[in-house]
Amino acid sequence: LMLGEAVWDGRSVTVEYTHSDYKPLGHRCFVRSFVAQVPPEAFPKGRGRRKSPFPKGGAEALALSAIELAVQGMTMVFVARKVSAEPFGQTVLSSIERKHALAKATGGSFSLPVDDRFRAEIDRCLRLIHEHMGADSVVGRCLAAGVVVHHGSLPQVVRLGLERLVRKGTARLVVATTTLA
């Protein structure tokens with residue numbers, strides 16, 4: 001377990017690690033330019049085209065940093081208030097779409113890894129979300145992309161389903177308030 005802070009300077013993100021296994025590191029440990037800004041010209045023409053660099057602001061920079069970490073292993077982003085969880089989940093979802101557009105421009109693709117062993121359980125949770133929150137809910141769209149969004153105002157059955165997924169390690173990226181802790 002590594003604990004750190006993503007610091008956005010307007011052009012890139014530096015990850016400054018502070019703790020390992022709940023213990024302070026006792027020395028500086030950082031990754032410079034963990035996420036660097038991409039100019040708008042790098043995006044393909046048409047749908048998904050941008051007029052500004054990506055990431056543009058702190059929210060996109062944090063979302064992109066979380067995505068990059070989630071590719072390596074389970075990553076959790078804590079948001080301070082439950083009203084911030086779903087909007088940040090939407091920012092993560094948009095950032096995944098932008099990463100896919102960039103990859104597609106060079107002949108590739110991008111998505112968060114999802115272990116096929118958990119596909120049935122994820123689908124079951126998606127059905128619960130659709131039933132209780134609607135087919136177009138941010139929580140459901142995020143889960144379909146491999147991101148769990150969790151906060152205390154979710155319907156109980158959805159909240160419990162998402163908690164089961166997190167406990168089993170099915171999602172690589174979790175956006176949550178401290179209610180999940």
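β4 and β6 run parallel and are joined by 4 bridges. Strands here are DSSP runs of E, at least two residues long, and helices are runs of H or I, at least four residues long, all numbered from the N terminus. Two strands count as paired if DSSP finds at least two bridges between them. This is a predicted model, in which local features need pLDDT of at least 70 and side-chain atom pairs count only at pLDDT 80 or more, while totals for chains, interfaces and linings use all residues. Residues are numbered from 1 along each chain as its sequence is written, and side-chain values use heavy atoms, with hydrogens and water left out.

Stay with β4 for a moment. Phe78 stands opposite Ala176 in β6. The strand has two faces: Thr75 and Val77 are on the covered one, Met76 and Phe78 on the uncovered one.

Now widen the view to the sheet. It is open, has 3 strands in the order β4-β6-β5, and its pairing is parallel. β4 and β5 (147-150) are the edge strands, each pairing on one side only. Neighbouring strands are turned against each other by 15 degrees on average, direction ignored. Between β5 and β6 there are 4 bridges, again in the parallel sense. Val148 stands opposite Val174 in β6.

Helices pack on this sheet. α2 touches β4, β5 and β6, and its direction makes about 165 degrees with that of β5. α5 touches β5 and β6, and its direction makes about 135 degrees with that of β5. Contact means heavy atoms within 4.5 Å. The axes are lines fitted to C-alpha atoms, for helices over the stretch in contact, and the angles run from 0 to 180 degrees between N-to-C directions.

Next comes α1. This helix covers residues 58-72, 15 residues in total. From first C-alpha to last it reaches 22 Å, close to the 21 Å expected at 1.5 Å a residue. The expected span is 1.5 Å times one less than the number of residues. Which residues of α1 are buried? They are Glu60, Ala61, Ala63, Leu64, Ser65, Ala66, Ile67 and Ala70. Buried means under 20% relative accessible area, exposed over 50%, and partly exposed in between, using a 1.4 Å probe and protein chains only. The cover over these buried residues includes β1 (2-8), β2 (12-20), β3 (23-36), β4 (75-78), α2 (82-105) and β6 (173-176).

How many salt bridges does a search of the whole structure find? It finds 8. A salt bridge is a side-chain nitrogen of Lys or Arg within 4 Å of a carboxyl oxygen of Asp or Glu.

Take Lys99 and Glu68. Their closest N and O atoms are 2.6 Å apart. Lys99 is buried, at 19% relative accessible area. Glu68 is partly exposed, at 25%.

Lys168 forms a salt bridge with Glu121, with the closest N and O atoms 3.1 Å apart. Lys168 sits in α5 (residues 156-168) and Glu121 in α3, so the pair links distant parts of the chain, 47 residues apart. Lys168 is partly exposed, at 47% relative accessible area, whereas Glu121 is buried, at 16%.

The bridge between Asp123 and Arg119 has its closest N and O atoms 3.8 Å apart. Both belong to α3 (residues 119-133), 4 residues apart, and are separated by about one helical turn. An α-helix has 3.6 residues a turn, so residues three or four places apart point the same way. Asp123 is partly exposed at 29%, as is Arg119 at 30%. Elsewhere, Arg50, Glu60 and Arg98 are linked in a network of salt bridges.

Last, the backbone. Most residues other than glycine have a negative phi, and most peptide bonds are trans. Asp21 has a positive phi, near 50 degrees. Tyr22 also has a positive phi, near 70 degrees. Tyr22 is exposed, at 72% relative accessibility. A cis peptide bond joins Phe54 and Pro55, with omega about -5 degrees. Pro55 lies in the loop between β3 and α1.
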